[in-house]
Amino acid sequence: MSKIFNLCKKMLLSNIRSRFISTTTSVLVPTHQQIAHLILEQKTASEALQTFEWASKIPNFTHTVSTYRALIHKLCTFRQFKTVDHLLDEMPNRIGSPPNDDIFITIVRGFGRAKMTREVIKVLDLVPKFGESAATPSLKLLNAILDVLVKEDIDIAREFYRRKMMGCGVKGDDYTYGILMKGFCLTNRIADGFKLLQVMKNHDVKVNVVVYNTLIYALCKNGKVGRARSLTNEMKEFSNVTYNILISAYCNEGNLVQAMVMIEKCFSNGFVPDIIPLTKVIEILCNAGRISEAVEVLERVEKKGVNLDVVAYNTLLKGFAKAGKVRAGYGFLKQMEMKGCLPNTETYNILIAGFCESKGFDSALDLFHEMKRACVNWDSVTFETLIYGLCSSGKTRDGIKIFELMCEEKGRFLGCIGPYNSILYGLYRDNCLDEALEFLNSMKNLFPRAVDRSLRILRLCKEGGNVAGEKEEEEVNQILDKMSEEGDLLSAPVYVSLIRKFCEEGCLKRAVEVTNEMIGRGYFPVGSTFNGLIGGLCRQGKVGRSVRLVEDLKMRGGCLLDCESYGLIINGFCKQGEFQEGLMVLMEMVERGIAPDYCIWNALIMVTFEGKTRFLDHKLLQLLIQT
């Protein structure tokens with residue numbers, strides 16, 4: 001392939017050359033700009049030299065400083081500095097003009113890119129060689145050297161300034177001081193930066209907005225935003241960069257109030273924030289639930305003629321989705337299209353996730369299919385979000401259909417284990433455990449390591465041995481540690497098998513740990529799994545612990561208690577003679593619309609017959625009648 005490319009390149013170059021070389025009386029002479037551009041396009045130093053020599057042979061064409069500069073730039077890129085020296089020596093005789101500042105600056109920057117700091121300073125020795133012996137280097141050249149030195153070592157740069165510039169009587173300009181300020185700020189020497197600022201004022205050098213912005217940025221970077229803000233009081237002129245720095249700094253601190261103040265100042269002074277700090281403000285507003293204010297900021301910026309990018313819109317859409325206003329977010333999708341900002345894959349993924357979260361699966365599926373019509377590519381997040389959303393809401397069969405579409409995508413997503421685990425979770429929720437095991441086995445070819453380890457855990461849990469035993473527990477822990485280290489995520493059936501086994505063996509602490517890890521992965525246990533854990537805690541007399549666990553799960557919004565769940569807790573309280581607590585759980589159960597079964601009533605009635613409560617029988621009967 002590279003040979004074909006080089007051949008085509010030579011043919012193209014030959015074609016270009018043939019346009020300029022002719023034996024006829026009409027000769028088309030290229031411009032110096034064209035030759036310089038052609039030299040810069042070459043891929044090697046030798047090709048650049050060949051092109052330069054070829055141009056020398058064109059009738060009526062003579063090289064100038066501009067073509068020499070292009071060649072020197074190219075040679076410096078490939079560190080051909082000896083060849084550069086020869087070119088400098090031949091320039092006066094060949095073109096009748098010695099190297100100028102632009103040539104010297106090109107060499108300075110070439111040495112800088114090559115990290116040859118000593119050679120950078122030696123370029124000054126070339127000035128008297130090609131000019132008057134007492135010639136003083138220009139400020140332009142000195143500033144170029146200073147700029148290169150600052151990027152390498154601020155101390156060397158400062159010494160150069162004192163000895164080579166001040167020592168020669170060269171007075172620096174605002175650009176000189178700006179370079180030094182950049183060096184101090186890059187190395188976090190802010191105190192030296194302030195001293196330099198005072199020197200500029202003492203020498204009546206105008207402190208321009210770039211110098212101030214450099215110092216303000218360094219202060220903000222070091223967490224001194226208040227000091228940076230007070231520095232603006234000295235400034236006579238501002239730029240949008242000033243406000244961008246401060247807005248971003250306040251956003252990084254989470255100080256939304258001051259960020260908004262700076263936006264207002266930016267607008268009032270005739271500037272508009274750049275899209276990056278603006279997006280940060282939108283993000284913070286959305287995270288605080290202040291969606292309408294975020295929309296207002298965007299609209300004000302658009303009225304100023306700023307075209308928002310897809311990142312800003314996506315940030316706003318995330319805010320709508322997080323606030324549960326995904327349909328309003330979908331309206332903004334259409335607005336951004338009308339304004340010429342095309343949505344990308346992330347845009348659709350945000351809305352699909354929002355609709356899945358709000359159980360708007362029809363809308364999520366519509367968006368999924370709209371992506372294909374709009375020629376927006378699906379990615380692994382698209383499939384994982386939609387499949388998980390469907391499977392976690394009892395729509396596993398719909399999730400499987402989307403999964404099959406994913407598998408048809410020419411193997412693009414075969415390495416993504418997330419959608420597979422989502423299918424396993426859905427089958428577990430639907431109590432299709434045999435089908436889940438069959439599906440897990442079908443994954444062997446794609447994820448052999450993860451499947452093998454998962455099956456080993458399932459086998460250990462099923463064999464009837466004591467998983468909490470020392471040998472078995474060590475084996476299980478080793479498998480789990482390896483899976484965690486190597487990024488193999490556990491599936492819902494594996495979590496469930498571990499929880500059940502630990503509950504059976506009375507190792508409830510481990511069962512709770514595994515349950516929390518399972519929920520952290522987004523897999524909420526169904527009633528049968530969860531009730532085993534509640535029952536185990538109640539049998540150990542830890543009824544209060546089971547209630548706290550239930551409250552925690554309700555806060556996370558995953559598990560809904562069923563009649564058996566409430567029955568286990570009420571029965572546990574009754575066995576401890578805590579009738580009042582049991583009655584409170586019963587009231588909550590009734591409020592949720594779950595009818596108590598006869599076991600629950602029997603437990604409550606028995607505790608009153610045993611005389612373990614101060615409540616009168618007729619009050620219980622009254623409750624029975626009301627229920």
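Helix 20 and helix 21 cross in a left-handed sense, where left-handed means that the near helix is turned anticlockwise from the far one by less than a right angle, and right-handed that it is turned clockwise. The contact involves Val326, Arg327, Gly329, Tyr330, Leu333, Met336 and Glu337 on helix 20, together with Thr347, Tyr348, Leu351, Gly354 and Phe355 on helix 21, contact meaning heavy atoms within 4.5 Å. These residues comprise seven nonpolar, three polar and two charged, where Ala, Val, Leu, Ile, Met, Phe, Trp, Tyr, Cys and Pro count as nonpolar, Asp, Glu, Lys and Arg as charged, and the others, Gly among them, as polar.

The model is predicted, and local features need pLDDT of at least 70, side-chain atom pairs count only at pLDDT 80 or more, and totals for chains, interfaces and linings use all residues. Residues are numbered from 1 along each chain as its sequence is written, and side-chain values use heavy atoms, with hydrogens and water left out.

Two packed helices are described by the angle between their axes and the distance between the axes. Axes are lines fitted to C-alpha atoms, for helices over the stretch in contact, with angles from 0 to 180 degrees between N-to-C directions; helices are DSSP runs (H or I, at least four residues) numbered from the N terminus.

| Helix pair | Axes come within | Crossing angle |
|---|---|---|
| Helix 20 (residues 326-338) and helix 21 (residues 345-357) | 9 Å | roughly 160° |
| Helix 16 (residues 256-268) and helix 17 (residues 275-287) | 11 Å | roughly 140° |

Helix 20 is therefore roughly antiparallel to helix 21, whereas helix 16 and helix 17 are oblique to each other (under 35 degrees is roughly parallel, over 145 roughly antiparallel, 65 to 115 roughly perpendicular and the rest oblique). The crossing of helix 16 and helix 17 is left-handed, and Leu256, Ala259, Met260 and Ile263 of helix 16 meet Val281, Ile284 and Leu285 of helix 17. The residues of this contact are seven nonpolar, with no polar and no charged.

Leu386 is among the residues that touch the most other members of the largest nonpolar core, which has 206 residues; such a core is a set of buried Ala, Val, Leu, Ile, Met, Phe, Trp, Tyr and Cys residues joined through side-chain atoms within 4.5 Å.

Asparagine 60, in the loop between helix 3 (45-56) and helix 4 (65-77), has a positive phi near 70°. Asparagine 60 is exposed, at 68% relative accessible area (buried is under 20%, exposed over 50%, partly exposed in between, with a 1.4 Å probe and protein chains only).

Key: Helices (H or I, at least four residues) and strands (E, at least two) are DSSP runs, numbered from the N terminus.
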